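I opened a new notebook page for this structure. My plan is to go from the overall layout to single pairs of side chains.

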Amino acid sequence: MFIQYFKGEPNQYVIRYKNGHVTNHGEGLDFWYLPFNTSIAVVDTVSQDSQFIFNESTANYQEVAIQGYLTYRFETPLEAAKYLDFSIDPASGKYRKKAGEKLSQRVINAVQAHTRKSINTFTLDQALTSAKE
């Protein structure tokens, strides 16, 4: 195989793995590599948006629908890459696995778990009047 060139975008944190070890990482990284012993992971450093809606029960067993919109961003993309597979196909630039979808769902699950703790202690009246909380 021939040597190839990869150029990351400024809003991407690029991680270069050679023989399974991180050899280079940074925002907008570019480098020459051999495809047979190099893997490339890309973590977007721009804000990501997700919508959610889920149903929860109040303390008096009334069901309420909770709807919202959240925005998140990685402060430590190298650390995030340890827990999710952000590897890409260098030819197409697309993720090999659906890391973005999994990440979004994990963030929504965390919001739902946190919300469930609070909403289960409220009565229906309290839940409706404390929507901002």
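**Layout.** I started with the order of elements: from the N terminus on, the protein runs β-β-β-β-β-β-β-α-α-α. I counted three helices and seven strands. For these I rely on DSSP runs, numbered from the N terminus: helices are H or I with at least four residues, strands are E with at least two.

**Ground rules.** I noted that this is a predicted model, where local features need pLDDT of at least 70 and side-chain atom pairs count only at pLDDT 80 or more, while totals for chains, interfaces and linings use all residues. Residues are numbered from 1 along each chain as its sequence is written, and side-chain values use heavy atoms, with hydrogens and water left out.

**Overall dimensions.** I looked up the extent of the C-alpha trace, and it spans about 65 × 20 × 20 Å along its principal axes. The radius of gyration is 20 Å, whereas a compact globule of 133 residues would have one near 14 Å. That radius is taken over C-alpha atoms, and the globule rule is 2.2 Å times the number of residues to the power 0.38.

**Surface and contacts.** The protein exposes about 9,200 Å², and carbon and sulfur atoms supply 50% of that area. The areas come from the Shrake-Rupley method with a 1.4 Å probe; for residues, only the protein chains shown count as cover. Of the 133 residues, 33% count as buried. Here buried means under 20% relative accessible area, exposed means over 50%, and partly exposed lies in between (1.4 Å probe, protein chains only). I also checked contacts between residues at least 6 apart in sequence: 55% of them join residues at least 24 apart. A contact means heavy atoms within 4.5 Å.

**The open sheet.** In what order do the three strands of the open sheet stand? I read E3-E2-E5, with antiparallel pairing. Strands E3 (21-27) and E5 (38-44) are at the edges with a single partner strand each, so one side of each has no neighbour in the sheet. Neighbouring strands are turned by 20° against each other on average, direction ignored. For such angles, axes are lines fitted to C-alpha atoms, for helices over the stretch in contact, and angles run from 0 to 180 degrees between N-to-C directions. I followed E2 (residues 12-18) along E3 and found six bridges in the antiparallel sense. Two strands pair if DSSP finds at least two bridges between them. Lys18 stands opposite His21 in E3.

**Salt bridges.** How many salt bridges does the structure hold? I found three, each a side-chain nitrogen of Lys or Arg within 4 Å of a carboxyl oxygen of Asp or Glu.

- Arg116 pairs with Glu56, their closest N and O atoms being 3.0 Å apart. Arg116 is partly exposed at 36%, whereas Glu56 is buried at 6%.
- Glu79 meets Lys82 at 3.5 Å, N to O. They sit three residues apart in helix H1 (residues 77-83), so about one helical turn separates them. Glu79 is partly exposed at 33%; Lys82 is exposed at 61%.
- Lys97 meets Asp85 at 3.8 Å, N to O. Both lie in the loop between H1 and H2, so the pair ties together parts 12 residues apart in sequence. Lys97 is partly exposed at 48%, and Asp85 is partly exposed at 32%.
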